[in-house]
Amino acid sequence: MKEDQFRTQYKKAVDTMSSSSEMKQGLEGKMEQKRRPRKIVYIAASVLVAAGIGLAGPSVMKQLGGTASPNQVAQVDPGTPAAGNSAGVVIPKIKLPDKSSGAAADMIGLVIYQGNIYTQAAIRMEAADAAALRGEKLGRTTSGIDEWSGKDAYTELASNIGETDIYAVKGYDSGFLVMSYTEVDGQVFAELYEHTNGITVNSGADLIGKLNLDGRIASAQWESFDSWNNGKQQYLPLPEGAALDGFLSALMTAKPLAADPLMEQGIYDQGDRKLVYLQLEDKTRVELTLFGQGLVRYSNAPVFFEVEPVAFQALWDNLK
């Protein structure tokens with residue numbers, strides 16, 4: 001079947017779909033899992049997830065017509081958990097696991113570039129803004145990683161997102177951020193991937209500093225935990241000014257803490273957290289999670305940042 005014929009049939013099939021009670025329960029379960037951070041990083045080529053964020057390109061759709069299930073997963077072993085020491089928090093490289101290990105699985109897209117695994121970024125962008133961010137072409141992915149992949153699949157530009165072009169992102173180091181980009185019939189499918197493993201974090205600057213926030217914030221919003229947890233999307237404006245500036249400055253020098261001990265102590269079992277969204281001048285959006293204990297987390301990187309108390313409290317008090 002030709003690709004355009006398949007896309008037409010696929011769209012018709014989706015348009016005529018009706019959700020069963022089992023499907024609704026399954027989606028609700030996935031949403032609940034998504035809200036709770038996982039200790040292990042796993043990989044999947046979920047077309048449902050990819051389509052929801054503007055990722056599904058023609059090669060991804062091809063997989064629907066094959067023998068593979070769209071919900072099949074590829075497992076990735078994050079390696080040794082991040083550990084803190086006097087030199088900072090060491091985040092080990094993600095490694096493809098021994099497939100006989102029986103490791104559990106979750107959903108996230110990945111691309112291997114220059115020997116490192118880049119996973120779906122916490123930075124968001126609209127597909128319409130992707131072209132302006134597209135930098136130098138870095139290569140084209142293969143779709144060599146699936147739920148049965150072993151270490152031999154760890155090859156340059158292998159991925160679980162199908163075949164698509166990979167580009168640098170203007171304004172960012174390609175050692176941190178790359179972009180997949182495909183156009184089909186004038187429609188853009190793009191996604192950002194970040195490299196946040198195999199690094200040592202000595203301060204907020206070593207991770208959040210890669211976002212180049214200084215002087216590039218166009219607007220800011222925040223959301224309560226209740227809104228976020230219940231999908232209400234009640235975003236409130238966060239005025240720029242001394243509180244936000246002081247917080248971001250303190251965040252760059254914040255002390256890193258390994259995530260595992262905090263998660264084992266139940267930091268996510270408490271609701272005293274708030275979400276801050278920073279809209280940057282390049283139309284990307286950065287999300288930071290603030291915890292009432294004075295901690296901040298970005299992305300799924302297994303590290304929290306302990307921000308200087310006065311600066312943290314000044315911003316926290318503005319989020320009411």
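**Buried residues and a helix pair**

Guide: Apart from neighbours within four places in sequence, S227 is in contact with K232, Q233 and Q234. Contact means heavy atoms within 4.5 Å. This is a predicted model, where local features need pLDDT of at least 70, side-chain atom pairs count only at pLDDT 80 or more, and totals for chains, interfaces and linings use all residues. Residues are numbered from 1 along each chain as its sequence is written, and side-chain values use heavy atoms, with hydrogens and water left out.

Visitor: Why does S227 count as buried?

Guide: Buried means under 20% relative accessible area, exposed over 50%, and partly exposed in between (1.4 Å probe, protein chains only). S227 has 0% relative accessibility, so S227 counts as buried.

Visitor: How much of the protein counts as buried?

Guide: The share is 45% of the 320 residues.

Visitor: Where does S227 lie?

Guide: In helix α6, residues 225–229. Helices are DSSP runs of H or I with at least four residues; strands are runs of E with at least two; numbering starts at the N terminus. The protein has nine helices and 18 strands.

Visitor: Which residues of helix α7 are buried?

Guide: L244, F247, L248, A250 and L251, in a helix that spans residues 242–252.

Visitor: What puts them on the same side of α7?

Guide: Their arc around the axis is only 165°, which puts them on the same side of α7. The arc is that of the directions from the helix axis to the C-beta atoms.

Visitor: What covers the buried residues of α7?

Guide: The cover includes strands β12, β15, β16, β17 and β18, and helix α9 (309–316).

Visitor: Why are α7 and α9 called oblique to each other?

Guide: Their axes cross at roughly 140° and come within 8 Å. Axes are lines fitted to C-alpha atoms, for helices over the stretch in contact, and angles run from 0 to 180 degrees between N-to-C directions. Under 35 degrees is roughly parallel, over 145 roughly antiparallel, 65 to 115 roughly perpendicular, and the rest oblique. So α7 and α9 are oblique to each other.

Visitor: Which residues meet between α7 and α9?

Guide: A243, L244, G246, F247 and A250 in α7 meet A311, F312, A314 and L315 in α9.

Visitor: Which residues of α9 are buried, and which are exposed on the other side?

Guide: A311, F312, L315 and W316 are buried. They cover an arc of only 130° around the axis, so they sit on the same side of α9. P309 and V310 are exposed on the other side of α9.
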